[in-house]
Every structure is written in structure tokens, then in C-alpha cells.
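The sequence and the model are displayed first.

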Amino acid sequence: MEASVKFFQSVRAALISLCLVVVLLTTSACGTGANQATNPNTLPTNAYSQIERGNTATGQNFGEWVVQTAQGLVQDAYVRDNDKLGVVITPQVRPNEVRSLAKSLVQGFEKNFPNRDLMVLMYAP
């Protein structure tokens, strides 16, 4: 009887060890997938530079034009879907100047993208 008890104990220890190995392998494999899900792959730098000002060629050109012609008043600009213009203004823009700057941007935006409902988003640092 003692031999059968020792046999069952050794079988039980082997099963517990096997279960621990399976659990460790499963959780480490799931851990990598969860890490990838929370940290999605970012676009390569060269791919981002192609879409940073606009997601269309016309939007890209208009976003670049805004930054170049703003004479230091705009840090960054982007156009999405040819109807949304986002502008990051510099600290040199006074609060009372934001409205007139936005109005000028809307006028230029309308010329480049006529007959569209346009949205201009102004961001301050």
C-alpha cells in the first residue's frame, strides 16, 4: 500500500509540474500579444513625413503653405479629408489675434477647397 501511495504522489507531482509549465508558457505567450496590443506599431518616420501636413496631395500642399507663409505665427498645420484644417499657433499670437488669423486661414482654405463644409481647429501650445 505504501508503494501505491508513493506512486500516486509522484504522479501528482509530475502533473502539477506539467500544469505549471503549461501555465507559464501560455501566460508568457499571451503577455507578448497584450504588449503588442497596448503598444501598436508606429509608422516609420519617412511614412509619417508624407502625411504629416495632409492626407491628400492638395491637403499636404496647403498645410505646408500655411506654415511657410504664416511668418512664425503657426508652428504646425495639417489638413484631413480636405475639409479639416488643424493649426498649432505660436505663443507670439495674442488671444485677440486668434480670430483674425482663423478668418484668414478659412478664406485661403475655401479658395483651395471650394463648395465644402470646412472646419478650422486652432491649438495653442
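## Basis of the model

The model is predicted: local features require pLDDT of at least 70 and side-chain atom pairs pLDDT 80 or more, whereas totals for chains, interfaces and linings use all residues. Residues are numbered from 1 along each chain as its sequence is written, and side-chain values use heavy atoms, leaving out hydrogens and water.

## The sheet

Three strands, in the order β1-β2-β3, make up an open sheet with mixed pairing. At its edges lie β1 (74-80) and β3 (119-123), each of which pairs on one side only. On average, neighbouring strands are turned by 15 degrees against each other, direction ignored. Strands are DSSP runs of E with at least two residues, helices are runs of H or I with at least four, and both are numbered from the N terminus; two strands pair if DSSP finds at least two bridges between them.

Strands β1 and β2 (residues 84-89) run antiparallel and are joined by six bridges. Within this pairing, Val79 stands opposite Leu85 of β2.

## Helices on the sheet

Helix α4 (residues 98-112) packs on the sheet and touches β1, β2 and β3, its direction making about 145 degrees with that of β3. Helix α3 (residues 57-69) lies across β1 and β2 and runs at about 165 degrees to β1. Axes are lines fitted to C-alpha atoms, for helices over the stretch in contact, and angles run from 0 to 180 degrees between N-to-C directions. Contact means heavy atoms within 4.5 Å.

The end C-alpha atoms of α3 are 18 Å apart, which agrees with the 18 Å that its 13 residues should span at 1.5 Å a residue; the expected span is 1.5 Å times one less than the number of residues. Buried residues of α3 include Phe62, Gly63, Val66 and Val67. Here buried means under 20% relative accessible area, exposed means over 50%, and partly exposed lies in between (1.4 Å probe, protein chains only). After α3 comes Gln71, whose phi is positive, near 55 degrees.

## Aromatic residues and core

Four aromatic pairs are present. One of them, Phe109 with Phe113, is edge-to-face, at 5.1 Å centre to centre and 70 degrees between the planes. Rings of Phe, Tyr and Trp (its six-membered ring) pair if their centres lie within 6.5 Å; planes under 30 degrees apart count as stacked, over 60 as edge-to-face and the rest as tilted.

Beyond its neighbours within four places in sequence, Val87 is in contact with residues including Val74, Ala77, Leu105 and Leu121.

## Two individual residues

Asp83 is located in the loop between β1 and β2. Its relative accessibility is 18%, so Asp83 counts as buried. Not counting residues up to four places away in sequence, Asp83 touches Phe109, Arg116, Asp117, Leu118 and Met119.

Gln75, in strand β1, is partly exposed, with a relative accessible area of 43%. With residues up to four places away in sequence not counted, Gln75 touches Val67, Val88, Ile89, Thr90, Pro91 and Pro125. Gln75 and Pro125 are 50 residues apart in sequence, and their C-alpha atoms are 9.2 Å apart in space.
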